[in-house]
Amino acid sequence: MTVQQAAQKLGLSVLSGGEALGREIECVYCCDLLSFVMGRAPADSAWVTVMGNVNAMAVALLADVACVVLAEGAQFDDEAKQKAEQNDIAVLASPRPVYDTAKEIDRELHP
């Protein structure tokens, strides 16, 4: 499932994307501790977090995640948005809790 398909199927808002919306999501990863994400997030994962700052975008780039999903209505600040757009990082938003958002994505990946 691509990032764009996930957004459409789950009613997630697209905050940033470009060509990255066409990336395939292989799995889901949840964590808000950036040092853990850098070392443990699988490439091509949908990273579900509440961290919408520029440091999170740098970690998303390093970890090569398919997308960042900001859950629980987390804010996406202007500096982070600029970093995401410069580096073609797909960022989606969900008003739902982290666990519920991750579970919904996983359910679509493994019906």
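## A partly exposed residue and its partner

Glu 85 is partly exposed, with a relative accessibility of 49%, where buried means under 20% relative accessible area, exposed means over 50%, and partly exposed lies in between (1.4 Å probe, protein chains only). Glu 85 forms a salt bridge with Lys 81, the closest N and O atoms being 3.1 Å apart; a salt bridge is here a side-chain nitrogen of Lys or Arg within 4 Å of a carboxyl oxygen of Asp or Glu. Both residues lie in helix H4 (residues 78-86), four residues apart, about one turn of the helix, and Lys 81 is partly exposed as well, at 30%. Helices (H or I, at least four residues) and strands (E, at least two) are DSSP runs, numbered from the N terminus.

## Basis of the description

The model is predicted, and local features need pLDDT of at least 70, side-chain atom pairs count only at pLDDT 80 or more, and totals for chains, interfaces and linings use all residues. Residues are numbered from 1 along each chain as its sequence is written, and side-chain values use heavy atoms, with hydrogens and water left out.

## The sheet and a helix across it

Five strands form an open sheet with mixed pairing, in the order S1-S5-S4-S3-S2, two strands being counted as paired if DSSP finds at least two bridges between them. Strand S1 (13-16) and strand S2 (27-30) are the edge strands, each pairing on one side only, and the twist averages 30° from one strand to the next. S1 pairs with strand S5 (residues 91-93) in the antiparallel sense over three bridges, and Ser 13 has Ala 93 in S5 as its bridge partner.

Helix H5 (residues 98-109) lies across S2, strand S3 (45-49) and strand S4 (67-70), and runs at about 170° to S2. Axes are lines fitted to C-alpha atoms, for helices over the stretch in contact (heavy atoms within 4.5 Å), and angles run from 0 to 180 degrees between N-to-C directions.

Lys 9 counts as exposed at 54% relative accessibility, whereas Glu 108 is partly exposed at 32%.

Arg 23 forms a salt bridge with Asp 44, the closest N and O atoms being 2.6 Å apart. Arg 23, Asp 44 and Asp 64 are linked in a network of salt bridges.
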